[in-house]
Amino acid sequence: ASGNTAEKPHTFAVFLAGHAEEASELTIGGYAPEKLQNTLGWSPVCKPEIGQWMLEVKSLRVDGARVEFCNEGCRAIVDTGT
């Protein structure tokens, strides 16, 4: 974890390196502000009792076109792929 951590209890952050010159990292209890490229946003997890990062999605677009099955909202599981 980075020494410059913005403390946020009950949170963690994952940084996935984009090339061999940097290291991926997991920060427990906050995030590393120097790793941000944009403004950080927070989304509540729905149904935390199932043990997944499930989010409510208002709409979904692929190549700029709205995906019909999510027109009325849907849910998505966030996964780092690691």
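Is Cys46 buried or exposed? Cys46 is buried, at a relative accessible area of 12%, where buried stands for under 20% relative accessible area, exposed for over 50% and partly exposed for values in between (1.4 Å probe, protein chains only). The model described here is predicted, so local features are reported only at pLDDT of at least 70 and side-chain atom pairs only at pLDDT 80 or more, while totals for chains, interfaces and linings use all residues. Residues are numbered from 1 along each chain as its sequence is written, and side-chain values rest on heavy atoms, with hydrogens and water left out.

The protein chain has zero helices and six strands, arranged along the sequence as β-β-β-β-β-β. Helices (H or I, at least four residues) and strands (E, at least two) are taken as DSSP runs and numbered from the N terminus. Of the 82 residues in the protein chain, 15% are buried.

The structure contains one disulfide, a term used for a pair of cysteine sulfur atoms within 2.5 Å. The partners are Cys70 and Cys74, with sulfur atoms 2.0 Å apart. The torsion about their S-S bond is about -85 degrees, so the disulfide is left-handed. Cys70 and Cys74 are both buried.

Next come the aromatic side chains. A pair of aromatic rings is described by the distance of the centres and the angle of the planes. Rings of Phe, Tyr and Trp (for Trp, the six-membered ring) are paired if their centres lie within 6.5 Å, and planes under 30 degrees apart are called stacked, those over 60 edge-to-face and the rest tilted. By this rule there are two aromatic pairs. In one of them, Phe12 and Trp53 place their ring centres 4.9 Å apart with planes at 45 degrees, so the pair is tilted. This pair links distant parts of the chain, as Phe12 belongs to strand β1 and Trp53 to the loop between β2 and β3 (54-57), 41 residues apart. Phe12 is partly exposed at 38% relative accessible area, and Trp53 is likewise partly exposed, at 34%. The other pair joins Tyr31 and Trp42, whose ring centres are 6.3 Å apart and whose planes meet at 65 degrees, so the arrangement is edge-to-face. Distant parts of the chain are linked here too, with Tyr31 in strand β2 and Trp42 in the loop between β2 and β3, eleven residues apart. Tyr31 counts as buried, at 19% relative accessibility.

Another ring has a charged neighbour. The charged end of Lys35 sits over the ring of Phe15, 4.5 Å from the ring centre. For this contact, NZ of Lys or CZ of Arg must be within 6 Å of the ring centre and within 35 degrees of the ring normal.

Lys47, in the loop between β2 and β3, has a positive phi near 55 degrees without being a glycine, and is partly exposed at 39% relative accessible area. Asp63, another non-glycine residue with positive phi, at about 50 degrees, lies in the loop between β4 (61-62) and β5 (65-66) and is exposed at 82% relative accessibility.

Finally, Asp79 lies in the segment after β6 (74-77) and is exposed, at 61%. The C-alpha atoms of Asp79 and Trp53 are 7.5 Å apart, although 26 residues separate the two along the chain.
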